[in-house]
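The sequence and structure come first, followed by the description.

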Amino acid sequence: MSFINSWVAHDGRLVLMCDKVISTFEAHRQVSGMSESGGVLLGRRRGKHFEVVHATAPMLTDQCSPVSFIRNSAGHQEQAIALWEQSRGEIGYIGEWHTHAEDKPRPSRIDTMQWFELAEREPVHCPKMAVIVGLRQLYVALLRYGEAIEILKAY
Ligand SMILES: [Zn+2]
């Protein structure tokens with residue numbers, strides 16, 4: 001079963017995820033015994049819409065356990081810079097993803113706290129995204145400075 005690749009916010013903002021991104025999520029689905037994994041989401045902003053073109057895969061320097069994932073910038077940042085340069089600044093940082101060993105993933109208190117910090121990170125006026133990869137479904141959220149986390153709907 002494949003994850004849904006098109007999502008929409010209340011304001012009509014669309015989030016489209018390329019096949020490669022969905023494949024990365026599927027390859028890291030957290031089946032029993034596996035640790036959480038994650039990375040950064042890179043893509044294009046087209047007006048208010050997002051096109052996610054790359055999700056970095058977990059690196060050996062990340063700290064992960066079955067119930068936590070702490071991303072180290074090593075590796076993820078290099079890929080982000082490489083894509084930024086190759087695309088002449090068109091493809092940039094959009095947000096973060098990580099896995100949960102749940103069919104329908106729900107954010108933990110720590111996730112929510114980290115997402116509020118992410119929304120406050122520069123540039124603050126730029127909305128960011130967070131994805132939790134569950135066993136059967138994705139949880140896709142839009143993070144905006146000073147606003148509640150918005151859960152996107154399948155489009
Ligand atoms: Zn989490």
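## Strand 2 and its partners

In strand 4, V15 has F50 as its bridge partner. Strand 2 and strand 4 (residues 49–55) run parallel and share three bridges; strands count as paired if DSSP finds at least two bridges between them. Helices (H or I, at least four residues) and strands (E, at least two) are DSSP runs, numbered from the N terminus. The model is predicted: local features need pLDDT of at least 70, side-chain atom pairs count only at pLDDT 80 or more, and totals for chains, interfaces and linings use all residues. Residue numbers start from 1 along each chain as its sequence is written.

Strand 1 (residues 6–8) pairs with strand 2 in the antiparallel sense over three bridges, and S6 stands opposite L16. Five residues lie between the strands of this hairpin, and among them G12 takes a positive phi near 90°.

Nine strands form an open sheet with mixed pairing, in the order 10-9-8-7-3-4-2-1-11. Its edges are strand 10 (150–151) and strand 11 (153–154), each of which pairs on one side only.

Strand 3 (residues 38–46) is antiparallel to strand 4 over six bridges and antiparallel to strand 7 over six bridges. L42 stands opposite H54 in strand 4 and opposite Y93 in strand 7. Six of the eight residues of strand 7 are buried. Strand 7 and strand 8 run parallel and are joined by five bridges, with V131 in strand 8 as the bridge partner of W97. From strand 7 the chain crosses through helix 3 to strand 8 in a right-handed β-α-β crossover (with the strands pointing away from the viewer, the path from the first strand over the helix to the second runs clockwise).

## Helix 1

In helix 1, V21, T24 and F25 are buried. They lie on the same side of helix 1 because they cover an arc of only 100° around the axis, the arc being that of the directions from the helix axis to the C-beta atoms. The face turned away from this buried side carries the exposed residues D19, K20, E26 and A27. The cover over the buried residues of helix 1 includes strand 2, strand 4, strand 8 and strand 9.

## Core and contacts

The largest nonpolar core has 28 residues, of which V15, L41, V52, M129, V131, V140 and A141 touch the most other members. Such a core is a set of buried Ala, Val, Leu, Ile, Met, Phe, Trp, Tyr and Cys residues joined through C-beta atoms within 7 Å. Leaving aside neighbours within four places in sequence, V52 contacts V15, L16, M17, C18, V21, L41, G43 and I94, where contact means C-beta atoms, placed from the backbone, within 7 Å.

L143 is in strand 9 (residues 138–143). L143 counts as buried because it has 23 C-beta neighbours inside 10 Å. Residues that L143 touches, not counting those up to four places away in sequence, include W115, L118, A119 and I149. The C-alpha atoms of L143 and A119 are separated by 5.5 Å, although the two residues are 24 residues apart along the chain.

Terms used: A residue is buried if 20 or more other C-beta atoms lie within 10 Å of its own, exposed if 12 or fewer, and partly exposed in between; C-beta atoms are placed from the backbone. Two residues are in contact if their C-beta atoms, placed from the backbone, lie within 7 Å.
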